[in-house]
Protein chains: 4
Amino acid sequence: MVVILENNATEQQIENIVKHLEDYGFQIHRSSGVQRTIIGAIGVKPGFDTRKVKILDGVSDVYRVTAPFKLASRSFQEGNTIIKVKDVEIGGTSIAMMAGPCSVESEDQIFRLAKVVAESGSKILRGGAFKPRSSPYSFQGMGEEGLKLMRAAADEYGLIVITEVMEISQIELIEKYADIFQVGARNMQNFSLIRELGKTSTPIMLKRGLSATIEEWLMSAEYMLAQGNKDIMLCERGIRTFETYTRNTFDLSAIPVVHKKSHLPVVADPSHATGFRDQVAPMARAAVAAGADSIMIEIHDDPENAMSDGPQALLPEEYKTLVQELNLIANAIGRKLL
Amino acid sequence: MVVILENNATEQQIENIVKHLEDYGFQIHRSSGVQRTIIGAIGVKPGFDTRKVKILDGVSDVYRVTAPFKLASRSFQEGNTIIKVKDVEIGGTSIAMMAGPCSVESEDQIFRLAKVVAESGSKILRGGAFKPRSSPYSFQGMGEEGLKLMRAAADEYGLIVITEVMEISQIELIEKYADIFQVGARNMQNFSLIRELGKTSTPIMLKRGLSATIEEWLMSAEYMLAQGNKDIMLCERGIRTFETYTRNTFDLSAIPVVHKKSHLPVVADPSHATGFRDQVAPMARAAVAAGADSIMIEIHDDPENAMSDGPQALLPEEYKTLVQELNLIANAIGRKLL
Amino acid sequence: MVVILENNATEQQIENIVKHLEDYGFQIHRSSGVQRTIIGAIGVKPGFDTRKVKILDGVSDVYRVTAPFKLASRSFQEGNTIIKVKDVEIGGTSIAMMAGPCSVESEDQIFRLAKVVAESGSKILRGGAFKPRSSPYSFQGMGEEGLKLMRAAADEYGLIVITEVMEISQIELIEKYADIFQVGARNMQNFSLIRELGKTSTPIMLKRGLSATIEEWLMSAEYMLAQGNKDIMLCERGIRTFETYTRNTFDLSAIPVVHKKSHLPVVADPSHATGFRDQVAPMARAAVAAGADSIMIEIHDDPENAMSDGPQALLPEEYKTLVQELNLIANAIGRKLL
Amino acid sequence: MVVILENNATEQQIENIVKHLEDYGFQIHRSSGVQRTIIGAIGVKPGFDTRKVKILDGVSDVYRVTAPFKLASRSFQEGNTIIKVKDVEIGGTSIAMMAGPCSVESEDQIFRLAKVVAESGSKILRGGAFKPRSSPYSFQGMGEEGLKLMRAAADEYGLIVITEVMEISQIELIEKYADIFQVGARNMQNFSLIRELGKTSTPIMLKRGLSATIEEWLMSAEYMLAQGNKDIMLCERGIRTFETYTRNTFDLSAIPVVHKKSHLPVVADPSHATGFRDQVAPMARAAVAAGADSIMIEIHDDPENAMSDGPQALLPEEYKTLVQELNLIANAIGRKLL
């Protein structure tokens, strides 16, 4: 931590500040210039609230020297985390595709769409059984029945299953059917939930909150890493800005930034980021070009009657075409699609 | 729902749009001008995804005619909801003060601060026993022991208790000790939690999410109202913007807007909104002037050693002075402080 | 400037960083802890781009030690700037009211409204003659004719005139008729314009840009102060956020923050911040309670036929009532209205 | 315009609303459902302030039926605008590259960098002679001398010149030396400036304001189109959000949205959007993949001593490598680089 003093800080104020820092357990290095004194406070504890120092008389500004996350940082682990789920790797050279419907709706539907996923050469099937909906009057998902159907469809076509977990009481149940837990954007800071998930050994995809900073996103990953689960992937799905022509603003610059700060893989979800079918393809292409390690796409073969998010679902043929386009872009940057 | 067609929409496109709307169960009113056709679709179901229509060929824009919330709206209930908790009313003419520490830390601490609250004439004691912290390495609260101490302190001084609930498994426990549940900003869209809380009959204060629109905030209230709990109060605690000199941007204009759209009372929390002690008083005064029905203030008598949020806590004497100032402003707008 | 090095920065990297800092003209203080080295670089030039250091190998973070503004800061001038315009003071104990129509529309209109302002005891008449409009098809103002009418109306009723200047070529013209220049939100960073305005000796009210940070706002004030004009007042008029129920988010927390960082007075404009008549009064009250030094209100006696911004204009009687309410709140915090 | 009435609007209120609409010059279509009445008001004038209707008693909501821009819209012109500058086309199948230093600094510098641009096969040289700087203490550009040097360098290497215009008085001067005017983000709503520029016949690149909505951006283009200049290109350069790890949030989703709403070409500027050299390449690749019609890149051969924005400038070799990568991605989506 670095403490910048006011130009006109008195010697008495400085002594008081130093005393506080020492009481908080820091080692002190004081540098006095002609105009201004700077205090380096070494030994900061994770989670220390720097405002405690900022409000002391004579203090102008306080800066943390270390990021508040450790296990998630590049300085903790230099090489990329590669998450292995059965025969699929996420975070390596290949770009893994995840696709499927927003919600599991019926046996027929999920088997038909699993077939599309497999035929496209993709390996990971997505689908919601428990749905977080902003309206209490909307479809809330098929529950365990949906999980069973998705597992059966995935097994039929040799796919891996990712599905969302919304509350602690669902963890055990979902673990029976799914290969990867998804934590939704609105639960990114549901600390009770993510702490419990961190105790499992199932890989987890953590969606970024609608207005979460990259630092907060990595802190939520840190919560799970601190409990022992090392297989955490992050998912950018759009942030909230003032713009109203788009549903969310897809923050692709988050991808290289996370790759610089952290060793964890980054998934991009252009379906939720844009909310409209015709914008999914250009944004999926952009995500691959920006360096995403995996792309998640919603698909549906009867989107007009989909129980949720039909307007952003690609049709099976559109998905197959997109996979080919993405492959070309992946090749252009020395990667390949999976 | 109103559907605006493109200038150059063909008759075939229009017929297709009308057919879709009828299939979705709407009654149709078509108005054709020289340049443009507008279709009124009457009978919208709550939760209908208007994007389903927006993506049809020939459609330019779609607008919902009704707010997506019903029970929370002024058109459902014209008069203000007044929530009665023991002998205190929230939402009436009086402005109820809530005060106490961020976290319950010890028996001594909570009794000393409960005394301050009572001596100031305030009736509601706040304090956290389960703490949502963005760092896994920070103090996470005293748990049930904290609840017991807070209840005892409140009983000693004739106060009402409000405290935060973070997960479904805590509901039953907290209900034994508290008079009002608090739902934190990061749980505003934890739909599993708020649905369960809606099944209780204990009053609930719902904090606004950091980037929640007023509509989403009211939708989360709707979740709880739809389960039968009528005693919902909303709490503005600052939203996230680009500004970095303040911790959050305290959105006081939300107060008159909520009062116009909804019958539910609005609490204002300047402590979390600003994050710094010296900005709490001016923002508390502004909140009363803007029409808040209750003000929540964090206080501490040894903020330097507080387990959490010490820098934003007022000292006991500062709180007492503030209460007097707020009383003058309340009187100026025809209300009084409680 | 403080330079935080990476944990694993090599000695060679550190030497290279030190050499760069010295070449940029800084004096160096190096503090090496067990884990990490911090370099204090004293003697920062205003306008130095800290990214030049941030991109050097081995650097983790760089923080400016001094605010980028000097003349606008409290450390440059401890006491409040009080701007005297004829017999009115802005920035002292009294809270000066500014009122008038959005646009000057006719001789009759501006005389009638100037009378309302004077009868309410207010001293400053606002009105636009050159209008910045987001549509090229909207009314663009009466130009010089509007300035003449406003000056005549103000003289008739003993008022001071504030009006907007949009481009350099208007400065000389407007100076003949107005007592205070207004710089609009969209011109806050029109550096050519504000530099020229800084060369005049007429007081200036600088509106905050729609997404300007407080620091950028103060930097724009610095531009004008650096040219010699000391009579700069700042005007908060709402910032842009994701919220759509309000036109802008009125950032009242900016008021105490600016007062802490700077000696310049702060005006609050609830009319533009909210955009709707029924929200103006509560937000004006809140602005006084938050410590604003002046309040600017749009009024109109025939708002339905106003050439611009009618929906946010108060009626004459509403304005008179508001002035009385604001007086009560001003008294409650030890100030009075002017 | 569509006017949605309150559920409980009285017949008298409805009549009053209808009368207002007719007085404002609209034709009326009234649709009454069981619960609710909707009024279609045909014939809206561009620039009509819908708040005038929104505040009438009995009105619940008002929606514009037509976009506020006309000349910039796809419905006005279906095919893409292709801007021809000498032998270069912007907006066609080819993706035109623009590159050069942030500021022209010396004859040597601009000739060396023009050579790099030409050797890379790019056709457009960028460089600032008049610089908008947020600090009054920063380098403000070489002025006319810079323009002369850039023109000479461009002529030597057969390049086109784009440079920024900051104020009306510079238009005539810059037109002598440059082929394309650049309007900076902070001047996007400097309506005086853009109106004058619209009267010229020189192509204009309009940067998006830091917090401008896409609609406002298109409205500013409309200002220039309405004056007769048809050669307007838009430039996405990052928007302001809450994120602090990046300088701005590069809003790539704006590219397909603008292409849907408007016929004008879109340039992407990853240098300003990210602010750091190591993020420029991934974001440039993403911009090509997202469908940008041109990419603007800052380059410098001695970025440590650049007068401005050195940290975001690519080195000459980095630029040449990037051009090759972008070519591969362009090919993958059926386009080619120029």
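The expected span of a helix is taken as 1.5 Å times one less than its number of residues. The model shown in these views is predicted; local features need pLDDT of at least 70 and side-chain atom pairs count only at pLDDT 80 or more, while totals for chains, interfaces and linings use all residues. Residues are numbered from 1 along each chain as its sequence is written, and chains are lettered from A and ligands numbered from 1 in the order in which they are written.

**View 1. Helix α1 of chain C and the glycine after it.** Helices are DSSP runs of H or I with at least four residues, strands are runs of E with at least two, and both are numbered from the N terminus. Helix α1 of chain C covers residues 11-23, and its 13 residues should span 18 Å at 1.5 Å a residue; the end C-alpha atoms are 18 Å apart, which agrees. α1(C) is followed by G25(C), which has a positive phi near 95°.

View 2. Along the principal axes, the C-alpha atoms of chain A fill a box of roughly 75 × 45 × 40 Å. The secondary structure of chain A comes to 11 helices and 15 strands. A residue is called buried if 20 or more other C-beta atoms lie within 10 Å of its own, exposed if 12 or fewer do, and partly exposed in between, with C-beta atoms placed from the backbone. On that count, 57% of the 338 residues of chain A are buried. Two residues are in contact if their C-beta atoms, placed from the backbone, lie within 7 Å. Among contacts in chain A between residues at least 6 apart in sequence, 65% join residues at least 24 apart.

**View 3. The contact between chain B and chain C.** Here 35 residues of chain B are in contact with 35 residues of chain C. On the side of chain B, two or more residues each come from α7 (214-226), α8 (254-261), α9 (270-274), α10 (277-290) and α11 (316-332). The most come from α10(B), which gives eight residues. This side of chain B divides into 20 nonpolar, 10 polar and five charged residues; Ala, Val, Leu, Ile, Met, Phe, Trp, Tyr, Cys and Pro count as nonpolar, Asp, Glu, Lys and Arg as charged, and the others, Gly among them, as polar. Copies are superposed by least squares on the C-alpha atoms of residues with pLDDT of at least 70 in both. Chain B is superposed on chain C by a rotation of 180° with 0.0 Å of shift along its axis, at an RMSD of 0.0 Å. The C-alpha of chain B nearest the axis belongs to A286(B), 2.0 Å from it. Of the interface residues of chain B, 100% are also interface residues in chain C, so the copies meet through the same surface.

**View 4. The contact between chain D and chain B.** This contact takes 19 residues from each of chain D and chain B. On the side of chain D, β1 (2-5), β2 (27-32) and β3 (37-42) each supply at least two residues, and β3(D) gives the most, with three residues. The residues on this side divide into seven nonpolar, nine polar and three charged.

**View 5. Helix α8 of chain D.** Six of the eight residues of helix α8 (residues 254-261) of chain D are buried, so this helix is largely enclosed by the rest of the structure. The buried residues are A254(D), I255(D), P256(D), V257(D), V258(D) and H259(D). They pack against α10 (277-290) of chain A, and within chain D against α7 (214-226), β12 (232-236), β13 (266-268) and α10 (277-290).

**View 6. A99(D) in strand β7.** A99(D) lies in strand β7 (residues 94-100) of chain D. It counts as buried, with 29 C-beta neighbours inside 10 Å. Leaving out residues up to four places away in sequence, A99(D) touches V117(D), S122(D), R126(D), I297(D), I299(D) and Y319(D).

**View 7. K86 in chain A.** K86(A) is in the loop between β5 (83-85) and β6 (88-90) of chain A. Its phi is positive, near 50°, in a residue other than glycine. K86(A) is exposed, with 11 other C-beta atoms within 10 Å.
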